[in-house]
Amino acid sequence: MGDLSGNPFSQLFPTAELAVEYRNMIQDTRTSRQETSTSYQDTSIESRNILDTPPEKMDIDPGATPEATPGAPGQVQEINSSIEEIFLFTLNKYSVIGGPFSQLVFLSGLADVVGVHNKSWIDMGTLEQALFERLMLENPAEHVVSSNSSKQSFSSHLTEKRLIYYLVECYERCTTLRRRESKTTIELGSSISSMQELIIRNLVTAFREPDLYFGQDLENQLIEIICSSYEVQDTLQNIINMFAIKMKEHTDKLEKIVSSILNHVKQKIENTSMIIFSTHTIVPLLYFIKDPVLAKMFILHSFPKQLSSGRAYEETLLGRIFGKSCLPASDIGTIMSSSLRYRLISHPCSVKFKFLAHPSDNEDDGEWGYLSNPLSPQQKYIYICLYRCGDDVKHLSLMWLGECLAANAGRGKMWTSQMGPLLSGGFASDGFMLNLGSMLLRFCNPFTEKPEKMIKIDASYCSAVSVVSEDARLSGVHMRSLPAETCIITLPEGTDRPTNQTYNFTSEIFFMTHKALDLGFRTVQEKFTKLNQELNRLQTAYRDAMEGGGGQAAEDIQGRMEESMSRYLSIKAALLEPATMEKQTSLVSGTCVWMVKLATGSTCPHNIESIKDVPEILSCVPEFLVENVCEHILLIRRFNPAHFEQSGTRLGEIFDMILVFMGKPIWLKNPHLRARLAESLECMLPHHENQAQPNPLGNFHRQALFQDHPNRLELTAAILHVFVSIEETGQAVQFEQKFSYRYLFFKYIYALLHPSLIHLLDTCVRDSSVLDPSVIDTSVRDSSVRDLSVLDSSVRDLSVLDPSVFNLSVLNPSVLDTSSLIHPFVNHRFLVHPFLIHPSLEQEGEREGWSQLSSQERSDNERQYIHTGQLARYHNLMGNETIEVLELMTRGIKAVITHPTMAERLAAMLNYFLKTLTGPDRKNFKVKNLDKYSFKPAEVVSKITQTYINLGMSENFLSSVSRDGRSYSPDLFSWTESVLLKIGRADLVSQLADIAVKVSQSSSEQAEEEELLGDAPEEFLCPIMSILMLDPVILPSSKKTVDRTTIARHLLSDQSDPFNRNPLTMDQLKSDEELKEKIHAWIKSKKENK
């Protein structure tokens, strides 16, 4: 019991004897306190020692100073005063009389021990013992000595019982003293540093031997100090860093302490409402990201136990920061309170929380501040600090990002989008992914703002494989899923994609950002689009319900509308947050420059069509880069067209990328992706505006793209490549999907023929010096209305017009689309006819048998009526615009459109529509509310009539009209003339009458010819259509002989041999010259012998 050699605290005393004496004294003092409850003054009398003796009874001068004491160094007084100021204790209870400090804690125990040496001051040699005694005091207030003039109340710092608080305050006073003393001596400065080290040592000792400090909850004290910070305090940061260094040898205890603190912060973040969540909430975390030891513990703490679980990453500490969002944690979650939701719906701009606003130089950014990501700059700062904390922490931080993206890869899958909450529950939330993408965008901004820095990005990163953590550290590849991504081109089988041994941070962060956008912004935008459609349906249902008298049904629909509107506004704010959108545009533009450089070797390529080389590095570029570009352009087009003008000259970089890849299958294999690029190009047309948000900036930059861009003349060729490749995919693609691509082409044609682009179009025409079948489509599309006739004359001069060229492939789908869109309305009209007669759903009860239906059956029928009506409206809208474009094209592109391969299909379609809309059956189209279904029969009849007139000079077209046995009759044009008079289009009647005469004459001639050639030998007839072959060709695989026009029409929609389904193209056809001579000789002889 008397041996203290094994006690670490015995080293605080000069000799073992003094340590034993001090221990005995403390034990006696505690025993005395237990036996009596006398006051501090009584206790001090009982424990009086030499230092308690009044000055007049002592052998020394009461005014003596340490300097006057024999053997005392010259700086002892200064050091003693500094110690008393910093630690607020003393060995001389009379130092408060006339001294600078009116209240101090008197260390009576140590004073008794060192008093035998006639020493009444504290130097660096006795400071350790003094500090230890101060920390062991159970109630420091009982040991306070005061001057006669001082107040009896004590400072909280002076009597602080909590060990950690006291040590931190002492360290802060050390820092304050050092800063205050501008002329601090070298000795004093060194002493202050030693004091700081002593404080840290005691802090470490306390956590290593917590049992010594009975009743002290050390961990909670440290947590309270750290979590009470509203900003990062340099002093506390230094304490934590030095503490971590000293505790490095005791890693287990340090990890336990850090883990407790981080768990507390995590719980605090979870419990903090989004309304009051701010940067102050995450300040405690900032203390752990600058020291390598603590930063490593921080990032390891944020790794989930199940690395493959996407949702698990959001449940970590770092994930909780990214997960704070206005969006719900799941697709079935609650977004916000009903009161806030109501305010958002009624006055969305009034609900602003400026402390949540995203820092930005743009004054308008606050408009969406109430729903933006408030911590994006701090999220970036956290990762910057982690990145700078050494290789280990950098590696772990990037691994966390890579593993998180890999675990959430399922968010981007089609089945997740279709199944909704059933599958999305296992992945991170939308808000988490949007915030993660926003943070990564800030990392990319320095090099995307300067496209010349994009050259540092190594595309082969996407083909590199890292199996284990050490591989990722050495190679710099922390994304495991990229090698499995579909890339824009594929190499021949057996050819390996290029790779490198190591990759830089720029490459990693670039592809991580794009993947985060793919999993976050793209998927959320898809949900946003569906939600927009759902709101439209609910609004329609609500209007119908109100027309029927309202009631409970209307209230239910209104509740759903409010919930959907709340979600809609939240998602819109998150997607359109100005600062994030600006950085996303920068990334998209920089990506475009980088991809153009990869493909062409230049950032400003010219004569793109002539470049034939295919760099192998393109096989490493994933398709989702192109998808991200398209999605971003589409988002701007739909909801913020003014952002195009704000982007300024960077639109040219996007324009270049679209031109380079849209018309080049060798650089972008997927035709649907090239069609999406065409969609993006259409979004950039200058006529797009958001009526709800007028754009004061106009459309200057978008007009400049089509008027002044150096590569504008190559635009149409690229568009046509896309248009035809979609038709030649050979895939069973639904009509709606293909039409969505074709429709963009029609709008493009319409825009190019718009007067605002006449200058560009005239230039294109003048620059087209050579017109041959392979480029005629380009010249035709690049002409204005007034130049179409000139181009058409050039076409007529061509000796050969091969049906396999683009022009026919381009025009054929437009005919199919018009037919496919208008024709279904006949069926839809019958389906919705009862609803059209009775526009209110409630009036359906007037139908016979309606009352006998169950409520479920009536509800199902109502939904079916609504759906069918919406489908009919969609077909009418699209059909009207398609017919308008077709009529516009036929004003001048006559030689191409009236080629035999196209003329018969076009004539059959026009005849069918005229018969349906003007014939005896037109009375079936009794639509009570024409506007509701966008049904404009008068407009359609006028456009179709004008199309007949436009093509009235073509013998091929006129003969095709008369040969149509399904819809043509001598009364067809008479019916049409009657309708034209009723709708006020008498101006077309006389011209249509001329067409009718010509068609009648052609019909008579054809009848005579058919009668003359009706006995043709079987070998002269086409086996497909049983018509006389004028140009027989041999199919290479089946060896069948068919008419060229017939097989050309077949190949426009099906690139296969109709007899054995083998692949077939027009260039594979072989003309049967011998049979052709026989047929024409037989025809000649029949006509001569007539």
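## A negative patch

In this predicted model, glutamate 955 sits in helix 40 (residues 955-963). Glutamate 955 is exposed, at a relative accessible area of 68%. On the surface, Glu955 gathers with Glu1005, Glu1008, Glu1009, Glu1010 and Glu1011 in a patch of negative charge. Helix 42 (residues 989-1012) gives the largest share of that patch, 5 residues.

Strand 2 (residues 103-106) pairs with strand 3 in the antiparallel sense over 3 bridges. If you want to spot the pairing, look at valine 105, whose bridge partner in strand 3 is valine 144.

## Salt bridges

The whole structure has 27 salt bridges. One of them joins arginine 311 to glutamate 314, with the closest N and O atoms 3.3 Å apart. The two are 3 residues apart in helix 12 (residues 310-314), which puts about one helical turn between them. Arginine 311 is buried, at 17% relative accessible area, and glutamate 314 is buried too, at 5%.

Glutamate 485 and lysine 515 make another salt bridge, 2.6 Å from N to O. Glutamate 485 is in the loop between helix 20 (469-475) and helix 21 (505-519), while lysine 515 is in helix 21, so this pair ties together parts 30 residues apart in sequence. Glutamate 485 is partly exposed at 22% relative accessibility, whereas lysine 515 is buried at 4%.

Technical notes. Residues are numbered from 1 along each chain as its sequence is written. This is a predicted model: local features need pLDDT of at least 70, side-chain atom pairs count only at pLDDT 80 or more; totals for chains, interfaces and linings use all residues. Side-chain values use heavy atoms; hydrogens and water are left out. Patches are made of residues with over 30% relative accessible area and no salt bridge: like charges are joined within 9 Å, nonpolar side chains (Val, Leu, Ile, Met, Phe, Trp, Tyr) within 5 Å. Accessible areas come from the Shrake-Rupley method with a 1.4 Å probe; for residues, only the protein chains shown count as cover. A salt bridge is a side-chain nitrogen of Lys or Arg within 4 Å of a carboxyl oxygen of Asp or Glu. Lys and Arg count as positive and Asp and Glu as negative; His and the chain ends are not counted. The place of a charge is taken as NZ of Lys, CZ of Arg, CG of Asp or CD of Glu. Helices (H or I, at least four residues) and strands (E, at least two) are DSSP runs, numbered from the N terminus. Buried means under 20% relative accessible area, exposed over 50%, partly exposed in between (1.4 Å probe, protein chains only). Two strands pair if DSSP finds at least two bridges between them.
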